[in-house]
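Could you walk me through this model in my viewer, one selection at a time? I would like to know what to click on next and what I will find there.

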Amino acid sequence: MIKEMIVVEGKDDTTAVQRAVGADTIETGGSAIGEDVLRRIELAQARRGVIILTDPDAPGERIRKIVTERVPGCKHAFLTKDEARGRRGIGVEHASDEAICRALEGVRSPDSDDGDLSEIEWSDLLTTGLIVHASSARRRERMGELLGIGYANGKQFYKRCLMFRITREEFLSALEQLEREGL
């Protein structure tokens, strides 16, 4: 049983998480998160800790951003788009039990000092084709999978590298794998 409360988007996500790991969840009810939900997340963070596990799509990222800004210190778990793909779209509810378990085992904690000691620079993203490149979106998506920080646009990807203190060694190892895959 996972100690932390897991923030998910809806009832079907709760069902999937409880089937996979038997954890308690807080449902946001979509990307229009109400004040009462945010207060429950704050309380959960103070008492048990919180892990955010949202869909790997734009609304899921919006929820992640809102919760992260309002409730500092939440942990993050990420599913890839492939892991969350179902017949009716992309979502946590479509992920296998194994994929949910992997995401929760690979949970990332943000750094409390805004990542000032990160080894990754903006110029690293530029020189490695993760921004301002014909394939930058696909490259960032795969790098996010390899680093366990999910997909994000260039600015958000950089912030995640800082927030999760991605080391130069981790970055270069993931980049090497990316190059081996021909991306």
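This tour goes through some charged pairs and then a pocket.

**Before you start**

Keep in mind that you are looking at a predicted model. Side chains of opposite charge can pair when their charged atoms come close. The structure holds 17 salt bridges, and the tour visits a few of them.

**Stop 1: E35 and R39**

Select E35 and R39 and show their side chains. They form a salt bridge, with 3.7 Å between the closest N and O atoms. Both residues sit in helix α2, which covers residues 35-47, and because they are four residues apart there, about one helical turn separates them. Colour by accessibility if you like: E35 is partly exposed at 40% relative accessibility, and R39 is partly exposed too, with a relative accessible area of 48%.

**Stop 2: E42 and R70**

E42 belongs to helix α2 and R70 to helix α3 (residues 58-70), so the pair ties together parts that lie 28 residues apart in sequence. Both ends are partly exposed: E42 has a relative accessible area of 30%, and R70 has one of 29%.

Keep both pairs on screen for a moment. E35, R39, E42 and R70 are linked in a network of salt bridges.

**Stop 3: E61 and R64**

Stay with helix α3 and select E61 and R64, which are three residues apart in that helix, about one turn. They form a salt bridge whose closest N and O atoms are 3.8 Å apart. Is R64 buried or exposed? R64 counts as buried because its relative accessibility is 3%, under the 20% cut-off.

**Stop 4: the largest pocket**

Helix α3 gives the largest share, with seven residues.

To finish, colour the lining by residue class. You will find 17 charged, 14 nonpolar and 13 polar residues there.

How values were computed:
Residues numbered from 1 in each chain as written. Predicted model: local features only at pLDDT ≥ 70, side-chain atom pairs only at ≥ 80, totals over all residues. Heavy atoms only, no water. Salt bridge = Lys/Arg side-chain N within 4 Å of Asp/Glu carboxyl O. Helix = DSSP H or I, 4+ residues; strand = E, 2+ residues; numbered from the N terminus. Buried < 20%, exposed > 50% of the residue type's maximum accessible area, 1.4 Å probe, protein only. Nonpolar A, V, L, I, M, F, W, Y, C, P; charged D, E, K, R; others polar.
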